[in-house]
Amino acid sequence: MLGDMAQRDADDVRAVLERISKAWQARRYEELSQLFAQDMVFALPGQAVRVEGRDAIVASYREFMDRITITSYREDQHSVDVWGATAIASFHWDMA
């Protein structure tokens, strides 16, 4: 079980993930940019591709949204693990 501080940190990570999800779906790319670190690395699901840097990651969201139409999107099974100043978050998602 997480300690009080780690639990608060995990809750903060979950809140940021929710903001990220809402921002990209609403095409609020400036807000999305503010939620990512400059040196962030994004590993694309099911691929060996990495996108490096905030600007490139935001551009990848923009390109994706410009090419597709989402008819449904769902997330579940959120998991956040915290060790000091490091957190790893994962979740399942389904999109059509």
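Let me start with a word we'll need: a residue is exposed when its relative accessible area is over 50%, and buried when that area is under 20%. Everything between those limits is called partly exposed. Please keep in mind, too, that what you see above is a predicted model.

With that in hand, take Glu-52. Its relative accessibility is 52%, so Glu-52 counts as exposed. Its salt-bridge partner is Arg-50, and the closest N and O atoms of the two are 3.5 Å apart. And where does Arg-50 fall, buried or exposed? Arg-50 comes out at 53% relative accessibility, so Arg-50 is exposed as well.

Let's stay with the salt bridges for a moment. The count for this model is seven. One of them joins the side chains of Arg-74 and Asp-76, with an N to O distance of 2.5 Å. Here Arg-74 is partly exposed at 46%, and Asp-76 is also partly exposed, at 26% relative accessibility.

Another sits in helix H1, which covers residues 4-25. There, the side chains of Glu-18 and Lys-22 meet in a salt bridge, 3.0 Å from N to O. Why are these two about one helical turn from each other? Because they are four residues apart in H1. Glu-18 has 44% relative accessibility and is partly exposed, while Lys-22 is partly exposed with a relative accessible area of 48%.

There is also a network: salt bridges link Arg-19, Arg-28 and Glu-31.

Now, on to how the helices pack. As a general point, two packed helices are described by the angle between their axes and the distance between those axes. For H1 and helix H3, residues 54-67, the axes come within 10 Å and cross at roughly 45°. An angle between 35 and 65 degrees is called oblique, so H1 is oblique to H3. Which residues meet there? From H1 we have Ile-20, Trp-24 and Gln-25, and from H3 we have Tyr-61, Phe-64 and Met-65. Of the residues in this contact of H1 with H3, five are nonpolar, one is polar and none is charged.

Do have a look at Ser-33 while you have the structure open. Ser-33 lies in helix H2, residues 29-35. Its relative accessibility is 16%, so Ser-33 counts as buried. Leaving out residues up to four places away in sequence, Ser-33 touches Arg-54 and Val-58.

My last topic is the aromatic rings. A pair of aromatic rings is described by the distance of the centres and the angle of the planes. This model has four aromatic pairs. In one of them, Phe-42 and Tyr-61, the ring centres are 5.8 Å apart and the planes stand at 55°, so the pair is tilted. Phe-42 belongs to strand E1, residues 41-43, and Tyr-61 to helix H3, so this pair ties together parts that are 19 residues apart in sequence. Phe-42 is partly exposed at 21% relative accessibility, whereas Tyr-61 is buried, with a relative accessible area of 12%.

Which residues form the aromatic cluster? They are Trp-24, Phe-36, Phe-42, Tyr-61 and Tyr-73, in one cluster.

Note on methods: Residues are numbered from 1 along each chain as its sequence is written. This is a predicted model: local features need pLDDT of at least 70, side-chain atom pairs count only at pLDDT 80 or more; totals for chains, interfaces and linings use all residues. Side-chain values use heavy atoms; hydrogens and water are left out. A salt bridge is a side-chain nitrogen of Lys or Arg within 4 Å of a carboxyl oxygen of Asp or Glu. Buried means under 20% relative accessible area, exposed over 50%, partly exposed in between (1.4 Å probe, protein chains only). Axes are lines fitted to C-alpha atoms, for helices over the stretch in contact, and angles run from 0 to 180 degrees between N-to-C directions. Angles under 35 degrees count as roughly parallel, over 145 as roughly antiparallel, 65 to 115 as roughly perpendicular and the rest as oblique. Contact means heavy atoms within 4.5 Å. Ala, Val, Leu, Ile, Met, Phe, Trp, Tyr, Cys and Pro count as nonpolar, Asp, Glu, Lys and Arg as charged, and the others, Gly among them, as polar. Rings of Phe, Tyr and Trp (its six-membered ring) pair if their centres lie within 6.5 Å; planes under 30 degrees apart count as stacked, over 60 as edge-to-face and the rest as tilted.
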